[in-house]
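Please look at the model first.

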Amino acid sequence: MVKEGDHSVTLDLLKQKMAEFAKERDWGQFHSPRNLLLALVGEVGELSEIFQWKGEVPKGLPDWKDEERVHLGEELSDVLLYLVQLSDVCGIDLGRAALRKVELNALKYPVSLSKLVSSKDQEVIANKTLVDNSDTSGTDGAESG
């Protein structure tokens, strides 16, 4: 078991642990991108069930029992682990892809605009900004996902 303070948990460490886990059990044969995606979707469904009838929940989950928090952690972990495996099988560096997406979102939703207008107006301005920027960047300005 991993104990608090043992080491930092990185995406690379999770990728390595999940690859070892699957190899020891000869599960690689079942870990196609499609199968991992479907497993991920199933886990997202299980995660959703935890919140399904709770209404809005305050940050920090102050009214939750310890066992509810443990269950939530398990389901969040299942989602993360399948996502890490899926990215590995697809040859995507998930950490780099996520950082790139944050950078793209920063361009699409600049701070200066986000504090001045409503969210609906932000979308219109951001889309116009992307189209305007595409004239000089050589890209089509389409969002990647």
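Contact here means heavy atoms within 4.5 Å. The model is predicted, so local features need pLDDT of at least 70, side-chain atom pairs count only at pLDDT 80 or more, and totals for chains, interfaces and linings use all residues. Residues are numbered from 1 along each chain as its sequence is written, and side-chain values use heavy atoms, leaving out hydrogens and water.

Leaving aside neighbours within four places in sequence, Leu47 touches Leu72, Glu75, Leu76 and Val79. Helix α2 covers residues 33-51 and helix α3 residues 66-89; helices are DSSP runs (H or I, at least four residues) numbered from the N terminus. The two pack with axes 9 Å apart, at an angle of about 160 degrees. Axes are lines fitted to C-alpha atoms, for helices over the stretch in contact, and angles run from 0 to 180 degrees between N-to-C directions. α2 and α3 are therefore roughly antiparallel, a term for angles over 145 degrees, while 65 to 115 counts as roughly perpendicular.

The largest nonpolar core has nine residues, among them Leu36, Leu40, Leu47, Trp64 and Leu72. Such a core is a set of buried Ala, Val, Leu, Ile, Met, Phe, Trp, Tyr and Cys residues joined through side-chain atoms within 4.5 Å, buried being under 20% relative accessible area (1.4 Å probe, protein chains only). α2 gives the most to this core, with four residues.

Helix α1, residues 11-24, crosses α3 at roughly 85 degrees, their axes coming within 9 Å. α1 and α3 are therefore roughly perpendicular to each other. On the α1 side, the contact includes Leu14 and Met18; on the α3 side, Leu81 and Val84.

Notes
Parallel < 35°, antiparallel > 145°, perpendicular 65-115°, else oblique. Buried < 20%, exposed > 50% of the residue type's maximum accessible area, 1.4 Å probe, protein only.
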